[in-house]
Amino acid sequence: MPWLRVLFVLLVARPVVKLWLGLTVRHQERLPLTGPAIVVANHNSHLDILTLYALFPLGRIRHVQPAAAADYFLKNRAMAWFATQVVGIIPVKRGSKKGDDPLAGCREALADGRILILFPEGTRGEPEVLSEVKSGIWHLAGEFPQAPVIPVYMHGLGRALGRGQWLPIPFFVDVAVGHAHYWQDNRQAFKQELRDCLLQLREKVLPARLDND
Amino acid sequence: MTDWFATLALPVPLQWALGGVVILLLVATLTIAILSARKPEKNWTELKLRVRTWWWIVGFFSLSLIGSKGLALLVFALISFLALKEFLTLTTTREADHVVLFWAYLTIPLQYYWIHITWYGMFIIFIPVYVFLFLPMRMVLIGETKGFLRAASSLQWAVMLTVFCISHLPALLILPETVHKGDIATGAMLLFFVVALTQSNDVAQYLWGKSIGRIKVAPKVSPNKTLGGLLGGAATTTLLAWLIGPYLTPMAPLHCALAGLLIGTTGFIGDIVISAVKRDIGVKDSGQLLPGHGGILDRLDSLTYTAPLFFHFVRYLYF
């Protein structure tokens, strides 16, 4: 139900991210508006999805979908309905049995020409720490080598709403969008490039330092 | 309709004063436009941004002057919210204190509510007494002692500067009405007086510092602040207060000049106190909310000192 998602972005995501928190975006113009495209972002908070949604124009929201852990978001029926119908996640089964394809939903979305949001670190991890980039992104991008992979770094959300917290506290949030990357044969190089780009973006969003004497 | 409009109308001296501010901004905008056309090779972006942001600040601040108490409280509550958010974003907070930070934010609607119901006694002790005692208690209940003192004291200070001190501005607006010695228009002129003089004092100190400043006042905190700037700025502000004060406030000329001196010197102190905070954290600007200026605290720094001090100066002498 795409209109539920548009309402969710208009009435929840945007007010929370733009008014309650406060958003500064660098290079918003680098965000893809048409698919297939993959947006990879660092993951520290449930607010990450809301923030990424808030970056896209309302008219494009129906084409944007984040991949999220099935074991977490499909725990019970009410939450599953909210996650898939209102937020619009694509459930990914973590650590599934052999034969099961955890990325089937993502593949379908890209084949359908949608913009897929991935958190390649896998979990939210420690606040404001960038974990290793997992290999799933390389496998997925390999099947859509023409789709751009755009890294996005978000700073401050782990503080606003970290693991185990339920109340978002206002903090200013900084977001930087990187240049498009494309799939390459060398898995390690591809992953390293994405991670380096995210780290470089992190340098940009940290406040300007004084030249201390 | 006309009645409603009449209640919102600005008093005549305030119309003149605001008109003067608009003319100053127009002159600044035109000068920069002419200079940038003459010397396009120089970079004028920063200066242009700065003046454009000034237009926004004046527009937004004017909302608090048009005679609606509710609107003024909303304007300053929003300013407190943004300033507290900026302060907390700058400082390191402990993950354990997540819920405590929520309580800190909750002081904003409460503090402005006390002003709304004109409960002066509560307004003046709520944050220095009740919030001061409550926040550490709430932190202790969580039980994390590592970094307790640092976390508690920076939170206290954040709330004092951004909520308590700033809330003196709308308190000034309703002060004459509360004690039945004038109406909201009298308050609006007092509010304009302290804000306009504080901001012009910042500019005057900068300009005097550029032209005659040699001896540094606080070289470790703010290397650009000079004795020449401080004295020249304070003198200019004193003179300006003596000139416009009798029209805008019920104060006698001597008291106007003294208020100018108070604003001129304590505005400087507010400025370098926030500079020290920024230097301790190691950032250049407090944020990026106001293009060309930095963060909102970069603009409010002197007001955190002048607002409460001028409030109590004028309250003691006249209300």
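Student: Is His180(B) buried or exposed in this model?
Tutor: His180(B) has 8 other C-beta atoms within 10 Å. The classes are buried for 20 or more other C-beta atoms within 10 Å, exposed for 12 or fewer, and partly exposed in between, with C-beta atoms placed from the backbone. His180(B) is therefore exposed.

Student: What pLDDT do local features need here?
Tutor: Residues are numbered from 1 along each chain as its sequence is written, while chains are lettered from A and ligands numbered from 1 in the order in which they are written. The model is predicted: totals for chains, interfaces and linings use all residues, side-chain atom pairs count only at pLDDT 80 or more, and local features need pLDDT of at least 70.

Student: Where does His180(B) lie, and what is its phi?
Tutor: His180(B) belongs to the loop between H8 and H9 of chain B; helices are DSSP runs (H or I, at least four residues), numbered from the N terminus. Most residues other than glycine have a negative phi. His180(B) is not a glycine, yet its phi is positive, at about 55°.

Student: What is the phi of Thr118(B), and where is this residue placed?
Tutor: Thr118(B) is partly exposed, with 15 other C-beta atoms within 10 Å. Its phi is near 50°, a positive value in a residue other than glycine. Thr118(B) is placed in the loop between H5 and helix H6 (120-142) of chain B.

Student: How are H8(B) and H13(B) oriented towards each other?
Tutor: The axes of H8(B), residues 168-178, and H13(B), residues 303-318, come within 9 Å and cross at roughly 25°. Axes are lines fitted to C-alpha atoms over the stretch in contact, with angles from 0 to 180 degrees between N-to-C directions. Angles under 35 degrees count as roughly parallel, over 145 as roughly antiparallel, 65 to 115 as roughly perpendicular and the rest as oblique. The crossing angle therefore makes H8(B) and H13(B) roughly parallel.

Student: Which residues of H13(B) meet H8(B)?
Tutor: From H8(B), the contact involves His168(B), Leu169(B), Ala171(B), Leu172(B) and Leu175(B); residues are in contact if their C-beta atoms, placed from the backbone, lie within 7 Å. On the side of H13(B) are Ala307(B), Pro308(B), Phe311(B) and Arg315(B).

Student: Is Gly270(B) buried or exposed?
Tutor: Gly270(B) is found in helix H11 (residues 253-281) of chain B. Beyond its neighbours within four places in sequence, its contacts include Asp301(B), Leu303(B) and Tyr305(B). Because 22 C-beta neighbours lie inside 10 Å, Gly270(B) counts as buried.

Student: Which helix gives the most to the side of chain B that touches chain A?
Tutor: In this interface, 18 residues of chain B are in contact with 17 residues of chain A. The elements of chain B that give two or more residues to it are helix H4 (69-90) and helix H5 (98-116). The most, 5 residues, comes from H5(B).

Methods
Two residues are in contact if their C-beta atoms, placed from the backbone, lie within 7 Å.
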